[in-house]
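The notes follow in the order I made them.

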Amino acid sequence: MKPNTVKDTGAKAAGAAEPLGVAVVGAGYWGPNLVRNFQSSPQFRLRWLCDLNADRARQVLGGYSTVQATSDYAAVLADPAVDAVAVATPAGTHLDVALAALRAGKHVLVEKPLAATYEDGLRLVNEAEERGLTLMCDHTYCYTPAVGRIREMVRSGELGEIHFVDSVRINLGLVQKDIDVLWDLAPHDLSVLDFILPDHVRPVAVAAHGADPIGAGQSCVAYLTLQLSTGAIAHVHVNWLSPTKVRTTMVGGSKRTLVWDDLNPSQRVAVFDRGVELSTPQEIGADERRDMLVSYRTGDMVAPAIGEKEALRSMVEEFAAAIGSGRPALTDGRAGLKVLDILEAASRSLEFKGAVVGLRTGR
């Protein structure tokens, strides 16, 4: 077993004298994207691509690659040149694959969701913390330039106090056999919600409603309603059956409201200085105090300039920075736990026809 290498890999990243050795596990849908970004990063050197089907791994790498393709995961973990492992395998395998890497002294990046259950995710978080290793979730949308700008605006107070968040992620998508639409699509929106909210604002409970109108065996359309600790509300709509593709998020604040349209490259984010203002009794004359006056503010719309950069590239850079500095990644294991907590509570709510279910991480 390889000893803890935090200090050694940190020195590598900080000094940039030698890139971090990394292995990607999984050559299916997401693995090739990780391979491409690790290969293009000066902070990493891709050493292995591991897949149960070694031929598929070799096809992903191409005929002229010096990266080793294998189906032998033990050989990957035994290689002292491997400092980190990126896991792109089915969620049900995340615990075993990631846990083995952590126990071998490797830093670990896991694609969403962190694990199949909250308890499995907690085991990974505890293992990483006990060994002083970086555990990071590949919550890709959090690393888009648009979401980075939204996080800045929300956390700086530019929007004011958050009143509501509304997300829609619908399309005529691939109906999954092993998971429902909540577990398939909602992790994107839930990870973004956790990423942008100020530290003092957190979800405390969730209610979920779903439907399976085509007899697929699990919900194909679902709605989640999250109660936030401030009394505000967040809503997520996910759907496999929509004939049109929509990817929008609206964040409403006491000062301004923003709309993020991920499918509109010319104006991904729009900020509206429009809203509702409520006069307090102290501001109203004595004869009118029995009535609260509502006024409407109509101001300008501003579309901030947002550059284009591949989210996975930024995610890879954050992984290297977290390893090098020893700090938690922006989307660390505990961020993954929060998403799993909501998903499990939402599943329980579905079982009980939309009952409100409290969250572990909201206590």
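This is a predicted model: local features need pLDDT of at least 70, side-chain atom pairs count only at pLDDT 80 or more; totals for chains, interfaces and linings use all residues.

**Cavities and core**

I took the largest cavity to begin with; about 50 Å³ of space lies in it. I listed its lining as Val165, Ser167, Asp189, Val192, Leu193, Ile196, Ala234, His235, Val236 and Thr249. By class, I have six nonpolar, three polar and one charged residue there. Strand E7 (162-172), H8 and strand E10 (233-239) each supply at least two of the lining residues. H8 gives the most, with four residues.

I then turned to the second largest cavity, which holds about 30 Å³ of space. Its lining is made up of Val168, Arg169, Asp189, Arg247, Thr248, Thr249, Trp260 and Asp262. I noted two nonpolar, two polar and four charged residues in this lining. E7 and strand E11 (241-253) each contribute at least two residues, and the largest share, three residues, comes from E11.

Next I looked up the core. The largest nonpolar core has 105 residues, and I wrote down those with the most contacts inside it: Leu34, Phe38, Tyr73, Leu114, Leu182, Leu190 and Leu224. Helix H8 (residues 181-196) gives the most to this core, with 10 residues. H8 is also what gives the most to the lining of the largest cavity.

What does phenylalanine 38 contact, leaving aside its neighbours within four places in sequence? I found Val22, Val24, Phe44, Ala86, Leu109, Val316 and Phe319.

How values were computed. Residues are numbered from 1 along each chain as its sequence is written. Side-chain values use heavy atoms; hydrogens and water are left out. A nonpolar core is a set of buried Ala, Val, Leu, Ile, Met, Phe, Trp, Tyr and Cys residues joined through side-chain atoms within 4.5 Å. Buried means under 20% relative accessible area, exposed over 50%, partly exposed in between (1.4 Å probe, protein chains only). Contact means heavy atoms within 4.5 Å. On a 1 Å grid over the protein atoms alone, a cavity is a set of points where a 1.4 Å probe fits but cannot get out, and a pocket is an open set with protein on both sides within 12 Å along at least five of seven lines; lining residues have an atom within 4 Å of a point. Grid points are joined across faces, edges and corners, and a volume is the space filled by probe spheres set on the points. Ala, Val, Leu, Ile, Met, Phe, Trp, Tyr, Cys and Pro count as nonpolar, Asp, Glu, Lys and Arg as charged, and the others, Gly among them, as polar.
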